[in-house]
Amino acid sequence: MKTKHWIYAIIIFGVALRVYDLFTVYAIGVDGIEYVRTAERIVRGDFGAALKGTRLPLYPAIIAVFHFIVGDMEWAGRVASVSFGLLLVGLCYFFVKKFWGEEPAIITAATIAIQPYLVRYSVLVLSESSAALLFTTSVFLFYRGWIERKPTFLCISGVFLMLSYLTRSEYLIYFVPL
């Protein structure tokens, strides 16, 4: 079996880990409850109370959007986190492939797919998965804009960095270097 096939198997294993964790891991903690409460206020249309009750509104807004698809607030948060976790694997694959080729891209995607921190936070009602995707997108767009000398990508990178900050305040520190 080719190395590429083994790495694809690792990526599939990473997806399977997320699906398994989605149905078996205790999903909601104190922070998750706050996100769900804020999302409920957004769904009710009480935007003032939603913004007053939270300092980081993007992840609860994402949960509110997924609520229209899933129907249950906790599951909306979990499905949102899983979706962003899986999108992170794909994003890393396509970006690395564009600049360094297929083999490094597959290895990168496999590493992201089975990294324990990313797997676990991809199924919890927490903002880590969405923030990781938004921040990684920001870094990749910045790199592409810098290498290809495209200011549009640099500007879009700034938008994604701002969205990262609106998801997790820790990302504020990256405004200076980027």
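The structure is a predicted model, in which local features need pLDDT of at least 70 and side-chain atom pairs count only at pLDDT 80 or more, while totals for chains, interfaces and linings use all residues. Residues are numbered from 1 along each chain as its sequence is written, and side-chain values use heavy atoms, with hydrogens and water left out.

The protein averages a pLDDT of 88, and 97% of the residues score at least 70; pLDDT is the predictor's confidence in each residue, from 0 to 100.

The secondary structure consists of nine helices and zero strands, helices being DSSP runs of H or I with at least four residues and strands runs of E with at least two, numbered from the N terminus. The radius of gyration of the protein is 17 Å, close to the 16 Å that the globule rule gives for 178 residues, so the protein is as compact as a globular protein of that length. This radius is taken over C-alpha atoms, and the globule rule is 2.2 Å times the number of residues to the power 0.38. Along the principal axes, the C-alpha atoms fill a box of roughly 50 × 40 × 25 Å.

Of the contacts with a separation of 6 or more, 68% are accounted for by residues 24 or more positions apart, a contact meaning heavy atoms within 4.5 Å.
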